[in-house]
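Here is a short tour of one protein chain. Keep the sequence and the structure in view while reading.

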Amino acid sequence: MAQDISDEDIFRFALNLEYMEAEYYLRGTTGKGIDAADAGSKPGDVVGGKQVSFETPAIAEFMQEVAENELAHVRFYRKTLGTNAVDRPAIDFDAGFKAVAEAAGLADFDPFGNETNFVLGGMLFEDVGVTAYAGAATVLKNKDFLAAAAGILAVEAYHMGMARSTLYRKGEEAWKAANAVSDARDKIDGSEDKDQGIQVDGKANIVPSTPDAIAFTRTPQEVLRIVYLTDKEGVDKGGFYPNGMNGNLKNT
């Protein structure tokens, strides 16, 4: 990551990601997204998403808590950045998940179609969020910003562990789908292996990590490759962000 990137640039980048996560979980649990007051003065449109019909009350409660957390993150960044906060970018869940499904070989995948698919769609974001925050922690200069990022990283890791363990309990079909999503991410984010499925060598793998049990880190460019769904450099939009992210960090 370039040294001239400011802490505010990193927080604006994180806000773009939190907008997407909040929209995803709110739409799945309530049927509607972020209120206008939390989206900025000129927010982009959001395509896709609907309320999920949950079969398991506990999973519904898990997802509702995550939705509340992600909305709180949006509000935290907007409050912290003040007039420097970016508006919600245009987000396209339909196009994004269609491309993910094609890359992972998942036929007719609708993340809002049932609770298993919804948790799987959430895992796509949570795993990436943890690695993005781990990467940001290495370059943030302001101690208050670093402390906040570390705290949010921990919350995203709680979400990730919940999603991965919930999917593992769903059985072999869910294992295969989750591993396929992991493989698809790993093919586009760069040359290094920074992803792991929820089952490795026939055993549960709830915590993707290095041999030292340290979470992987991704640069903004590696994160952008995943959310733009591209393996090319210099791309500034695509996938879940049809017009790109808002702010200075927007190119792969």
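## Asp 127 in helix 4

Asp 127 sits in helix 4. This is a predicted model. Is Asp 127 buried or exposed? Its relative accessible area is 4%, under the 20% cut-off, so Asp 127 is buried.

Which residues does Asp 127 touch, apart from those up to four places away in sequence? They are Met 160, Arg 164, Arg 185, Pro 208 and Arg 218.

## Helix 2 against helix 4

Helix 4 also packs against helix 2. The two axes are 12 Å apart, and the angle is about 35°. Helix 2 passes helix 4 in a left-handed crossing.

Helix 2 brings Ile 59, Met 63, Val 66, Glu 70 and Tyr 77 to this contact. Helix 4 brings Glu 115, Phe 118, Val 119, Glu 126 and Tyr 133. By class, the contact of helix 2 with helix 4 has seven nonpolar residues and three charged ones. It has no polar residues.

## Helix 2 against helix 5

Helix 2 covers residues 57-81, and helix 5 covers residues 143-169. Their axes come within 11 Å and cross at roughly 160°. That angle is over 145 degrees, so helix 2 runs roughly antiparallel to helix 5. The crossing of helix 2 with helix 5 is left-handed.

On the helix 2 side, the contact is made by Ile 59, Phe 62, Met 63, Val 66, Asn 69, Glu 70, His 73, Phe 76, Tyr 77 and Thr 80. On the helix 5 side, it is made by Phe 145, Ala 148, Ile 152, Val 155, Glu 156, His 159, Met 162 and Thr 166. Eleven residues in the contact of helix 2 with helix 5 are nonpolar, five are polar and two are charged.

## Two residues in these helices

Leu 81 belongs to helix 2. Its relative accessibility is 6%, so Leu 81 counts as buried. Which residues is Leu 81 in contact with, leaving aside neighbours within four places in sequence? The answer is Glu 8, Phe 11, Arg 12 and Leu 15. Glu 8 lies 73 residues from Leu 81 along the chain. Their C-alpha atoms are separated by 7.1 Å.

Arg 169 lies in helix 5. Arg 169 has a relative accessible area of 70%, so it is exposed. Arg 169 and Ala 204 are 35 residues apart in sequence. From C-alpha to C-alpha, they are 9.7 Å apart in space.

## Aromatic pairs

How many aromatic pairs does the structure hold? There are 22 aromatic pairs. One of them joins Tyr 24 and Phe 118. The ring centres are 4.6 Å apart and the planes lie at 15°, so this pair is stacked. The pair links distant parts of the chain. Tyr 24 is in helix 1 (residues 7-30), Phe 118 is in helix 4 (residues 115-136), and 94 residues separate them.

Both Tyr 24 and Phe 118 are buried. They also belong to one aromatic cluster.

## Helix 7 and its cover

Helix 7 takes in residues 220-228. It is mostly covered, with eight of its nine residues buried. Those buried residues are Pro 220, Glu 222, Val 223, Leu 224, Arg 225, Ile 226, Val 227 and Tyr 228. What covers them includes helix 1, helix 4 and helix 6 (172-188).

Most residues other than glycine have a negative phi. Leu 229 is not a glycine, yet its phi is positive, about 60°. Leu 229 is in the segment after helix 7. The relative accessible area of Leu 229 is 27%, so this residue is partly exposed.

Asp 201 is not a glycine either, and its phi is positive at about 55°. Where is Asp 201 placed? It is in the loop between strand 3 (199-200) and strand 4 (203-204). Asp 201 has 78% relative accessibility, so it counts as exposed.

Technical notes:
Residues are numbered from 1 along each chain as its sequence is written. This is a predicted model: local features need pLDDT of at least 70, side-chain atom pairs count only at pLDDT 80 or more; totals for chains, interfaces and linings use all residues. Side-chain values use heavy atoms; hydrogens and water are left out. Axes are lines fitted to C-alpha atoms, for helices over the stretch in contact, and angles run from 0 to 180 degrees between N-to-C directions. Helices (H or I, at least four residues) and strands (E, at least two) are DSSP runs, numbered from the N terminus. Angles under 35 degrees count as roughly parallel, over 145 as roughly antiparallel, 65 to 115 as roughly perpendicular and the rest as oblique. A crossing is left-handed if the near helix is turned anticlockwise from the far one by less than a right angle, and right-handed if clockwise. Contact means heavy atoms within 4.5 Å. Ala, Val, Leu, Ile, Met, Phe, Trp, Tyr, Cys and Pro count as nonpolar, Asp, Glu, Lys and Arg as charged, and the others, Gly among them, as polar. Rings of Phe, Tyr and Trp (its six-membered ring) pair if their centres lie within 6.5 Å; planes under 30 degrees apart count as stacked, over 60 as edge-to-face and the rest as tilted. Buried means under 20% relative accessible area, exposed over 50%, partly exposed in between (1.4 Å probe, protein chains only).
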